[in-house]
Amino acid sequence: MEGIRGDGASSASPLSQWGHDGWRIYQYYLDKTTPHTAYRWIGTLVITAIYCLRVYHAQGFYVVAYGLGIYLLNLLIGFLSPLVDPELEVTDGPSLPTKGSDEFKPFIRRLPEFKFWYSMTKAFCIAFVMTFFSVFDVPVFWLILLCYWIVLFVLTMRRQITHMIKYKYIPFSIGKQKYTGKKPSASSSGFRGD
């Protein structure tokens, strides 16, 4: 009995070791891409173009494209949302300033840019692979799916923009913040008291 368990463990060990080594190499190169934001997004745009060409050439797989669109919309909402939603939670930790007199606190995303990029790229790759299996080519009228997705996008973005206006946050930082100082009041400027 011991020989059987020993043989099974030794034959599975090299396979699991090979899988672990492969995962470590993959993670190493993925970590090396972290500071190269522009190149990562260019690569994702290339993958997106290849996927779109595949769907256009196949003239099908519209349900896959619709599911991908819904997933990307969900990722976009996570990317544009703050980590702590001021509407739902009151915390002692970092939160968004709601008044002009509140202390500045940086915007922390619920879904960081790297995870947003990685999930989006993975989704396009999976959708591309799905286009090679006819089981996913469900016959539907694509125009209805497109109109429904556009309505979902407009309603979701309107709700998100309303939330951003209500709590006065912008999910994008454009350059370094500059301190302008206090503005002089009109009553004290220009008066010398001769």
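Which residues do ring pairs link into a cluster? Ring pairs join Trp 41, Phe 79 and Phe 116, and the rest of the picture can be built around them. The model is predicted, so local features need pLDDT of at least 70 and side-chain atom pairs count only at pLDDT 80 or more, while totals for chains, interfaces and linings use all residues. Residues are numbered from 1 along each chain as its sequence is written, and side-chain values use heavy atoms, with hydrogens and water left out.

Starting with the overall fold, the protein chain has five helices and zero strands, running α-α-α-α-α from the N terminus. Helices here are DSSP runs of H or I with at least four residues, strands are runs of E with at least two, and both are numbered from the N terminus. Of the 194 residues in the chain, 23% count as buried, where buried means under 20% relative accessible area, exposed means over 50% and partly exposed is anything in between (1.4 Å probe, protein chains only). The accessible surface comes to about 15000 Å², and carbon and sulfur atoms own 67% of that; such areas come from the Shrake-Rupley method with a 1.4 Å probe, and for residues only the protein chains shown count as cover. Among contacts with a separation of 6 or more, 84% are between residues 24 or more positions apart, a contact being heavy atoms within 4.5 Å.

The UniProt record, an unreviewed entry, lists residues 38-57, 63-84 and 140-157 under "transmembrane region". Its positions follow the numbering used here, feature names are shortened, and annotations may be inferred rather than shown by experiment. In the model, residues 38-57 are 100% helix and 0% strand, with the end C-alpha atoms 28 Å apart. Residues 140-157 come out at 89% helix and 0% strand, and their end C-alpha atoms lie 26 Å apart.

Next comes helix α3. Covering residues 62-80, α3 has 19 residues and reaches 27 Å from its first C-alpha to its last, close to the 27 Å expected at 1.5 Å a residue (the expected span is 1.5 Å times one less than the number of residues). Its buried residues include Val 64, Tyr 66, Leu 72, Leu 73, Ile 77 and Phe 79. The buried residues of α3 pack against α2 (37-58), α4 (113-130) and α5 (142-167). Helix α4 has 18 residues and spans 26 Å between its first and last C-alpha, close to the 26 Å expected at 1.5 Å a residue. Buried positions in α4 include Phe 116, Trp 117, Met 120 and Phe 124.

Rings of Phe, Tyr and Trp (its six-membered ring) pair if their centres lie within 6.5 Å; planes under 30 degrees apart count as stacked, over 60 as edge-to-face and the rest as tilted. One of the pairs is Trp 41 with Phe 116, tilted at 45° between the planes and 5.7 Å centre to centre. That pair links distant parts of the chain, with Trp 41 in helix α2 and Phe 116 in helix α4, 75 residues apart. Trp 41 is partly exposed at 22% relative accessibility, whereas Phe 116 is buried at 9%. Tyr 66 and Tyr 148 also form a tilted pair, with ring centres 6.2 Å apart and planes at 35°. Because Tyr 66 lies in helix α3 and Tyr 148 in helix α5, this pair ties together parts that are 82 residues apart in sequence. Tyr 148 is partly exposed, at 47% relative accessibility.

Arg 109 lies over the face of Phe 79, at 3.9 Å from the ring centre, and Arg 40 lies over the face of Trp 117, at 4.9 Å. A charge sits over a ring if NZ of Lys or CZ of Arg is within 6 Å of the ring centre and within 35 degrees of the ring normal.

In helix α5, Thr 156 is buried, with a relative accessible area of 14%. Leaving aside neighbours within four places in sequence, Thr 156 is in contact with Leu 73 and Ile 77. Met 164, also placed in α5, counts as buried at 17% relative accessibility.

Finally, the loop between α2 and α3 holds Phe 61, which has a positive phi of about 60° although it is not a glycine. Phe 61 is buried, with a relative accessible area of 5%.
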